[in-house]
Amino acid sequence: MALLLCLLLLCGVADVTRSLSITSPDHMIEKAKGETAYLPCKFTQGPEDQGPLDIEWLLSPADNQKVDQVIILYSGDKIYDDYYPDLKGRVHFTSSDLKAGDASINVTNLQLSDIGTYQCKVKKAPGVGNKKIQLKVLVKPSGTRCYVDGSEEIGNDFKLKCEPKEGSLPLNYEWQKMSNSQKLPTALISEMTSPVITVKNATTEYSGTYKCTVSNRVGSDQCVLRLDVVPPSNRAGTIAGAIIGTLLALMLICVIIFCCHKKRREEKYEKEVHHDIREDVPPPKSRTSTARSYIGSNHSSLGSMSPSNMEGYSKTQYNQVPSEDFERAPQSPTLPPAKVAAPNLSRMGAVPVMIPAQSKDGSIV
């Protein structure tokens, strides 16, 4: 009895004289991405703890290859929160008076990179205390999509699918029929908690509006699906129409290509004709000089003629000179028409002159 009393007294003395200790328990916290996590760290001090107060929070990332990181520090009555870039501006002490015994922090706008073990260390010489808290960041289900995989026709097999875009496991699914008196076909009842509902030999009984709800420990999301089971369509007609449409499209493309090719050939031919220059034909002589030589020879011939030989000379020979190239000379007295036989012209010393003609393409004939 005396021994038990002594033990109780010793324990009481030890409780009175105990040093600094953290009263918050070790536990795990689960929060959704984007939310704020409260990490508690409350402590008590002993009468012998007279040193300066230092508080330090460390993060041990989920990736064991990374070393512990200091995320916030209190020392010398100052707060330092710029040690860890990934949490800069997102971690804060909850108390404005840390000496009162509350070193808890808030981590805002949680991200998946914040997952890990957080350790709170409190020092007030000679007392030292620390506590660990495991933080898990989960993603709420979101972007859930409901759709039918297959043809919604009587007698066919198809599937109703419910797929969230993101969400942390484990995920729970729940289907509900929202129309037709909420009556479910017997074959679907066993699959109403599955992400996929398989429908076999479908009938109009399956038609209606379905709602799928996806949930996990931090949130939920849902989607709605309208199912209409209809009689089979005329597949032969659909296939024939598709084939005819394809052939018509191909024919139209061929016609367009042919027209374009023809137009290009015509343009190419016009360019070749326009730029075709005959290099083997010499350039024509000046018509003006030819006309002058022609007129001079005729004047000399006329001067040697007698009035009796002028009857055979035809005035039409002057008309052979093109009017547009003839440079008019001073008017001379018009001679009376006379005709001169060809042998007489030769005996009189006349020289025959050939006036060059020109074809349409510019060559001399």
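## Terms and model

Strands are DSSP runs of E with at least two residues, numbered from the N terminus. The model discussed here is predicted.

Most residues other than glycine have a negative phi, and most peptide bonds are trans. The cases that follow depart from that pattern.

## Positive phi at aspartate 77

Start with aspartate 77. This residue sits in the loop between β6 (69-75) and β7 (78-80). Its phi is positive, about 65 degrees, although aspartate 77 is not a glycine.

Is aspartate 77 buried or exposed? It is exposed, because its relative accessible area is 55% and the cut-off for exposed is over 50%.

## Positive phi at asparagine 109

Asparagine 109 is not a glycine either, yet it has a positive phi of about 50 degrees. Look for it in the loop between β9 (105-107) and β10.

The relative accessible area of asparagine 109 is 40%, so this residue counts as partly exposed.

Now turn to the peptide bonds. Alanine 125 and proline 126 are joined by a cis peptide bond. Omega there is about 5 degrees.

Where does proline 126 lie? It is in the loop between β10 (116-124) and β11 (127-138).

Another cis peptide bond runs from leucine 169 to proline 170. Its omega is near 0 degrees. Proline 170 belongs to the loop between β13 (158-163) and β14 (172-177).

Notes
Residues are numbered from 1 along each chain as its sequence is written. This is a predicted model: local features need pLDDT of at least 70, side-chain atom pairs count only at pLDDT 80 or more; totals for chains, interfaces and linings use all residues. Side-chain values use heavy atoms; hydrogens and water are left out. Helices (H or I, at least four residues) and strands (E, at least two) are DSSP runs, numbered from the N terminus. Buried means under 20% relative accessible area, exposed over 50%, partly exposed in between (1.4 Å probe, protein chains only).
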